[in-house]
Amino acid sequence: MAEKRPPRTLGPGHDQFWEWCGKGELRLQKCTGCGALIWPAAAACERCGDGEMDWQAMTGRGKLVSWCSFHQDYYGGMLPLPYDCILVELVEGPLFLSNPSGFGCEDIEPGMAVAVRFIDCEDDGGAYRLPVFARV
Amino acid sequence: MAEYGALVMPPSIPELSRKAAIVGVGETDYHDDYRAQRKPPPGYEPPTTEALASLAFERALADSGLKRGEIDGLTGSFTYGGPPPAELAALLGVKPRYNIANGNIMAGPLPVVCAAIAEGKADIVAMVYAVNSRSVGRVFGGATHLGGAEGYGTPPSYYYYHPWGWSSQAAHWAMIFAHYQMKYGLREEDLGAVAQQVRVHASRNPNAVMQTPFTIEEYMSSRYIVRPLHLLDICLVNDGAVCLIVRRADMARDMVKTPVDVAGWGEARIKHSKFDVMVRQQLRPQLEEAGGQAFAMAGLGQADIGHFEGYDAGSMHLINQIEGYGFAKPGEGVAFCQAGEMDLTGRLPTNTEGGNLSCSYMHGWSQVAETVRQLRHEAGSRQVAGVRNAMTSLAQTDQAHPLVFARGD
Ligand SMILES: [Zn+2]
């Protein structure tokens, strides 16, 4: 059963990100000029302004940098409260915002190791796979 | 969205320092308006943007002792819409030679006016700000925040992470504090001291929306908005208006009330890696850079500042600014507050009117009004004794805009 989720940002760049997720791969844009990894997807490198970007595969592993738990309903009841968000530092460097999978904010320890997995979701743009993170 | 619109700040150069002074302030009745909107008496209509703006202007004009006909400059700043320049002038009964729509939130509009005065475009400018976020039912967070053309200027962190349920300014401050806790070993209740201190200040301000002090136990039992932050960590949403009357500094010396010189300003924004800069560095590079610009322009330093107004959209963000500008060491901002250093007799009396948390959410404008009262030494029971210089800081999730003020006598 796909989970109904609030809307993704779609369009050039973003669509490719979700296509890779659909294949079970976490890929971020990498600037061919300065090597920066960019997320969310951008038309040009936010660091050096270069316009050439490749989609680079991430290992999907990282460590937990921060978290928060939503008690206020910002999405009209679509997401059961409370629910948690986490900030993960990917081993490649970028910080990736996501949800914990199989653990909650009570279990969080600074720097705990996590790895990506994909869950079936849908929004008005259709069915897609959402990257979330489980303990390793 | 114009809220984050690209208002071009004049350069932070000593040549523009102290060229203009604030000589009049006016504010609306935050406390009474908030109460009336929560429990409307029969037939109550919330005040319009125009009515709020007019009231603030009339009060500022009376405060300045100037005559209406002397006003030769006017700017309007409105967060959710307001009258265009010509209509605003007609509404207020003034005939300005300089009249512009001037962004909306502080701090940009004030340097713009100071530079205009230095360039001779006007000698006395009335700056009007009004916001009616509560009566228009403004929602902070959720899928109303969009990217693309509709959401022009909105930071991606306000909308991009909807699929993971990430939304609201509160979530930004929550994630910063959760990381701060891990890094420095703070307990959740430690942060309560910040909102508590600001409320103590507000208890001395009859115009503050919220004036009743609370205990740390009451803080902890207030509901979570985005854990680890409680309701009391998040700013108010209320309607109101502020007017500042700004005069050419050399013409402002013989007025009834002490002029308050605009001595310095700065600006810095996150250019990339927002989560890293915001969460792991608490916006420190931007606060240091912009603070450095403002101090250098004013010829002053941290030790000269006797009163601070920081943008407490969330309690944690006030700590980011206290640390980032160098008033406390990294990781020591909450302890600085717990030790009473933000109280009236502390090293840095902070948000003495009650800030955005307890007084009024005027997007920085009411904090400038409070700075003027403090530097004039007319803040009554919440006066910081003998204060001569002050800093007022606007800071969003990705940018910092400090202002430095000096008593002009
Ligand atoms: Zn680059």
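Reader: In which loop of chain B is B:H377 found?

Author: Helices (H or I, at least four residues) and strands (E, at least two) are DSSP runs, numbered from the N terminus. On that numbering, B:H377 sits in the loop between α13 and β11 (389-395) of chain B.

Reader: What pLDDT do local features need in this model?

Author: Residues are numbered from 1 along each chain as its sequence is written, chains are lettered from A and ligands numbered from 1 in the order in which they are written, and side-chain values use heavy atoms, leaving out hydrogens and water. This is a predicted model: side-chain atom pairs count only at pLDDT 80 or more, totals for chains, interfaces and linings use all residues, and local features need pLDDT of at least 70.

Reader: What is phi of B:H377 near?

Author: Most residues other than glycine have a negative phi. B:H377 is a residue other than glycine with a positive value. Its phi is near 65 degrees.

Reader: Is B:H377 buried, partly exposed or exposed?

Author: Buried means under 20% relative accessible area, exposed over 50%, and partly exposed in between (1.4 Å probe, protein chains only). B:H377 has 33% relative accessibility, so the residue counts as partly exposed.

Reader: What is phi of B:R18 near?

Author: B:R18 lies in the segment before β1 (20-27) of chain B. With a relative accessible area of 31%, B:R18 is partly exposed. Its phi is positive, though the residue is not glycine, and is near 60 degrees.

Reader: Which residues does B:T371 contact, leaving aside neighbours within four places in sequence?

Author: B:T371 is in helix α13 (residues 365-376) of chain B. The residue is buried, with a relative accessible area of 0%. Contact means heavy atoms within 4.5 Å. The partners are B:H307, B:E309, B:A390, B:T392 and B:F405.

Reader: How far apart are the centres of domain 1 and domain 2 of chain B?

Author: Domain bounds come from an automatic or database domain assignment. It gives domain 1 (3-137 + 239-251) and domain 2 (167-235 + 261-407). In contact are 45 residues of domain 1 and 37 residues of domain 2. Taken over C-alpha atoms, the centres of the two domains are separated by 23 Å.

Reader: What radius of gyration does chain B have?

Author: The radius is taken over C-alpha atoms, and the globule rule is 2.2 Å times the number of residues to the power 0.38. For 409 residues, a compact globule would come near 22 Å; chain B agrees with this, at 20 Å.

Reader: What share of chain B's residues count as buried?

Author: Chain B has 13 helices and 12 strands. Its C-alpha trace spans about 55 × 50 × 40 Å along its principal axes. Of its 409 residues, the buried share is 65%.
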